[in-house]
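Open the structure in a viewer and follow the stops below in order. Each stop says what to select and what is there.

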Amino acid sequence: MEQINQSCFYLMSFLAIIAIRALYVLYLTGKPRCNKSPQPLSTLIVLGSGGHTAEMMNLLSVLQTDRFTPRFYIAAATDNMSLQKARVFEDSLVDKKGIKGVSAQFTQIYRSREVGQSYVTSVWTTLLATAHALWLMIRIRPQVVICNGPGTCIPLCMIAFLFKIMGIRWSSIFYVESIARVRRLSLSGLLLYKLHMADQFFVQWPQLQGKYPQAHYVGCLM
């Protein structure tokens with residue numbers, strides 16, 4: 001009986017420490033961090049099919065690429081066009097700025113659920129996608145995560161937030177809601193907003209900022 005009580009005490013103490021750490025991370029999320037030296041920041045960029053990638057490429061065109069490097073592009077395993085566009089963008093940087101050396105890597109991630117997939121089989125694919133996302137985040141351990149709506153960003157952002165709590169890596173998450181979202185957030189955006197996981201949350205329409213006051217209105221980026 002004494003051993004059981006002692007085990008319960010250790011468990012409750014551990015959970016209390018985790019809860020305090022989680023509250024501390026939530027308190028610091030969104031607050032500016034002091035960088036003692038302007039060192040490059042490893043950056044994870046999550047791409048999505050269709051308009052998501054077009055918007056992301058437009059956003060990256062004004063990014064300080066020498067500051068956010070190396071860059072790791074991730075797209076869904078069934079999305080080949082997005083990574084191709086990212087490669088074209090990186091090649092254009094070499095032509096325009098004369099950047100030498102490999103500053104970008106490209107990889108794919110499993111989807112949690114394909115369009116039209118049954119919910120029964122999606123349980124297995126979700127577990128597989130989560131495990132793959134965890135492996136990628138352990139390998140990359142980015143300092144910055146940039147995403148703009150594709151569902152593939154959710155497991156990556158959740159793991160990045162978990163890494164903050166565990167003290168493995170502080171990854172600043174920047175979320176830019178798609179320009180197609182005028183009155184309501186996407187499911188990805190709503191999850192990140194409600195769970196307070198994004199350090200900076202941007203919207204492109206004033207109606208959205210009025211409905212979600214913690215978001216930052218930046219105007220249309222396209």
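Helices (H or I, at least four residues) and strands (E, at least two) are DSSP runs, numbered from the N terminus. This is a predicted model, in which local features need pLDDT of at least 70 and side-chain atom pairs count only at pLDDT 80 or more, while totals for chains, interfaces and linings use all residues. Residues are numbered from 1 along each chain as its sequence is written, and side-chain values use heavy atoms, with hydrogens and water left out.

Select tryptophan 124, in helix H4 (residues 119–140). Tryptophan 124 counts as exposed, at 57% relative accessibility; exposed means over 50% relative accessible area, buried under 20%, and partly exposed in between (1.4 Å probe, protein chains only).

Next, the interior. A nonpolar core is a set of buried Ala, Val, Leu, Ile, Met, Phe, Trp, Tyr and Cys residues joined through side-chain atoms within 4.5 Å. The largest one has 35 residues, and Leu44, Leu156, Leu192 and Phe201 have the most contacts inside it. Helix H5 (residues 153–166) supplies the largest share of this core, nine residues. Centre on leucine 44: beyond its neighbours within four places in sequence, its contacts (heavy atoms within 4.5 Å) include Phe72, Ile74, Met137 and Leu156. A second, separate core of 17 residues includes Leu63, Tyr73, Ala75 and Ala104.

Now show the salt bridges, where a side-chain nitrogen of Lys or Arg is within 4 Å of a carboxyl oxygen of Asp or Glu. By this rule there are two. In one, glutamate 90 pairs with arginine 71, with the closest N and O atoms 2.8 Å apart. This pair links helix H3 (residues 81–97), which holds glutamate 90, to strand S2 (residues 71–76), which holds arginine 71, across 19 residues. Glutamate 90 is buried at 7%, as is arginine 71 at 1%.

Lysine 164 forms a salt bridge with aspartate 199, at 2.7 Å between the closest N and O atoms. Lysine 164 lies in helix H5 and aspartate 199 in the loop between helix H6 (187–194) and strand S6 (200–203), so the pair ties together parts 35 residues apart in sequence.

Finally, select cysteine 157, which is buried at 0% relative accessible area. Cysteine 157 is in no disulfide, and the nearest cysteine sulfur, that of cysteine 147, is 3.8 Å away; a disulfide needs two cysteine sulfur atoms within 2.5 Å.
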